[in-house]
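Subject: Handover of a structure model

Dear colleague,

Please find below the structure that I am handing over to you.

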Amino acid sequence: MRKTESSDLWWKNAVVYCLDVETFFDSDDDGTGDFDGVSARIDHLAELGVTCLWLMPFYPTAERDDGYDITDFLAVDPKLGNFGDLVELIRTAKDRGMRVIADLVVNHTSDKHPWFREARKSTDNPYRDFYVWRDTEPPDTSGQVVFPDQEDSLWELDEKTGQWYLHNFYKHQPDLNVTNPQVRDEISKVIGFWMQLGLDGFRVDAVPNLIEGRGTSAAASAEYGDPHDYLRRIKAFMGRRRGDAILLGEVNIPYEKQVDFFGGQNSGDELTMQFDFELMQRMYLALARQEAAPIAKTLARRPDLPRHNQFACFVRNHDELTLDKLSDKERQEVFDAFGPEPDMQLFGRGLRRRLPPMLDGDPRRIRMVYSLLFALPGTPVLFYGEEIGMGENLDVEGRLAVRTPMQWTSGKNAGFSRARPSRLPSPITEGAFGPQHVNVSEQRKDPGSLLSFISNLAGRYRESPEVGMGTFEVLQHEAPSVLAHRCTWAQPGDPGTSTLLVHNLGPEATEITVEVADLEEGTVANELFSTEHLVVDDGRLTIPVDGYGHQWWRLHRPGDTRLP
């Protein structure tokens with residue numbers, strides 16, 4: 001079973017790479033990245049070790065929320081190319097061994113979507129019930145808005161009909177009414193359409209908002225039933241179309257509630273994967289304190305998942321680096337360490353920065369964090385530019401500060417486009433993290449570069465399926481700055497494979513001794529990034545660790561002839 005499991009459950013040891021087509025590479029020099037541009041750079045991703053490409057929204061848009069305000073779910077934005085270009089990209093990615101997923105943004109539409117334009121014409125329009133309306137003035141919902149700098153309510157008055165419509169996000173993004181069977185049918189058509197064109201699944205935007213049916217009538221909610229049944233129906237529909245397709249959900253809620261979105265402890269028939277927002281936030285707290293405890297404690301309370309489910313780990317994503325699960329005091333610790341200036345923060349709950357500037361460009365610390373990303377139990381997700389250490393541009397508004405064009409060379413427009421700078425989707429990052437110092441071209445030639453390091457990490461991660469597929473345990477020792485955990489993948493009657501992963505979050509060198517009592521005397525530990533080796537002595541392994549050091553120790557029992 002172990003021989004085929006890593007293929008059947010491919011997402012459990014995938015390397016996922018998220019990119020925005022518009023800011024990745026411009027193939028025709030009109031200033032905008034495009035599908036052909038991604039195809040032209042697909043070998044960069046293959047060399048990096050990417051096995052799953054995640055495309056941010058590429059649909060027609062009203063251009064008010066960076067592609068998340070969609071005007072047509074069944075089309076591509078013409079500025080990015082056409083259907084043929086997209087199919088060629090999918091085909092080229094798969095030729096290089098990559099699956100392709102895309103954003104599924106069906107919690108809401110743009111207010112320019114034909115459905116909403118029809119819906120607001122009259123209260124008896126056939127599309128009226130595609131959205132959520134109320135007759136009476138809504139209560140104060142200012143405390144629930146997602147973007148407090150721009151919205152003060154979840155409801156907006158439509159002057160023509162005198163009713164209010166629901167919008168969990170911006171007022172120009174009215175929420176769809178998923179209690180309406182016609183809306184659910186349309187969403188299924190969207191999913192089926194893109195899967196037919198070759199997608200292997202979706203990253204699902206705002207899952208709790210999508211399924212909850214907030215603001216709908218009691219009768220509609222009763223007929224709709226359990227919202228999680230809807231997720232199960234989506235997953236079953238995808239399974240009928242393609243058995244190994246995935247749903248990667250954005251579900252930023254506490255662990256005990258996240259389990260429900262997997263389908264409960266014993267089923268796993270809803271979302272395939274979910275981002276681990278809890279672990280990400282406490283990783284930054286651990287980095288700020290230079291102590292491993294916040295990570296270790298979070299891993300200890302992380303729920304066990306069904307075999308077919310997985311958490312996705314990340315250092316940052318395309319939104320603000322949310323810290324909403326931390327206490328006010330903890331959040332301030334992270335702000336003080338990594339975003340002390342007001343323009344580095346967003347909404348008082350997160351950061352709009354990339355990792356390298358937050359760590360002052362310290363290469364030891366940056367590499368330790370990315371080693372930790374790949375070592376944490378789960379599936380690593382990279383955001384474009386992380387592999388070379390790109391920084392943010394704080395002159396760009398809001399969350400777009402981290403969505404600047406990819407830096408390919410030190411030349412004009414960072415090699416992203418030969419168009420005039422004024423035609424680019426956003427300005428190129430400048431300063432110490434600009435293309436003169438940080439770009440793909442120069443790092444590809446340097447075996448000591450961050451790009452080479454992360455490519456090597458991806459390779460070691462893929463060679464160590466126990467990290468993504470197996471069970472884990474946090475190991476006890478006396479050094480507060482060091483996280484040591486062990487991942488093991490085994491079947492009954494088979495000792496399997498085991499790797500011990502060590503990360504020092506502090507600047508001082510130290511030494512740890514960990515108990516590995518289940519391993520017989522003479523077990524050899526080989527470090528996967530060097531030629532070092534250690535031997536288990538009296539059930540213990542003593543490991544010296546550099547400041548900001550990181551080590552992956554593959555454990556080999558006596559008589560084990562497998563490669564180290």
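Which residues do ring pairs link into a cluster? The cluster consists of Phe35, Phe58, Tyr59, Phe83, Phe193 and Trp194. Please note that the model is a predicted one.

Aromatic contacts

In total, 33 aromatic pairs are present in the structure. One of them is formed by Phe24 and Trp408, whose ring centres are 5.1 Å apart, with 80 degrees between the planes. As an angle over 60 degrees counts as edge-to-face, this pair is classed as edge-to-face. The two partners are 384 residues apart, and their pair links distant parts of the chain. Phe24 belongs to helix α2 (residues 21–24), while Trp408 is in the loop between β14 (379–383) and α17 (440–444). Both Phe24 and Trp408 are buried.

Two arginines also lie over tryptophan rings. For Arg128, the charged end is placed over the ring of Trp133, at 3.4 Å from the ring centre.

Domains

The domain assignment divides the protein chain as follows:

- domain 1 comprises 3–107 + 179–461;
- domain 2 comprises 114–166;
- domain 3 comprises 470–556.

Between the C-alpha centres of domain 2 and domain 3 the distance is 56 Å. Separately, an unreviewed UniProt entry places the feature "domain: Glycosyl hydrolase family 13 catalytic" at residues 18–418. That span is 34% helix and 12% strand, and its end C-alpha atoms lie 24 Å apart.

Nonpolar cores

The largest nonpolar core contains 143 residues, and Tyr17 and Tyr284 have the most contacts inside it. In soluble globular proteins, nonpolar side chains tend to be buried together.

A strand pair

Strands β18 (residues 510–515) and β21 run antiparallel and are joined by six bridges. Within this pair, Val514 is opposite Leu541 of β21. Strand β21 (residues 540–545) has two contrasting faces: Leu541, Ile543 and Val545 make up the covered face, whereas Arg540, Thr542 and Pro544 make up the uncovered one. In a regular strand, side chains alternate between the two faces of the sheet.

Yours sincerely,

Definitions and conventions:
Residues numbered from 1 in each chain as written. Predicted model: local features only at pLDDT ≥ 70, side-chain atom pairs only at ≥ 80, totals over all residues. Heavy atoms only, no water. Phe/Tyr/Trp six-rings, centres within 6.5 Å; stacked < 30°, edge-to-face > 60°. Helix = DSSP H or I, 4+ residues; strand = E, 2+ residues; numbered from the N terminus. Buried < 20%, exposed > 50% of the residue type's maximum accessible area, 1.4 Å probe, protein only. Lys NZ or Arg CZ within 6 Å of the ring centre and 35° of its normal. Pairing = 2+ DSSP bridges. Core = buried A, V, L, I, M, F, W, Y, C linked by side-chain atoms within 4.5 Å. UniProt positions renumbered as here; feature names shortened; annotations may be inferred. Domains from an automatic or database assignment.
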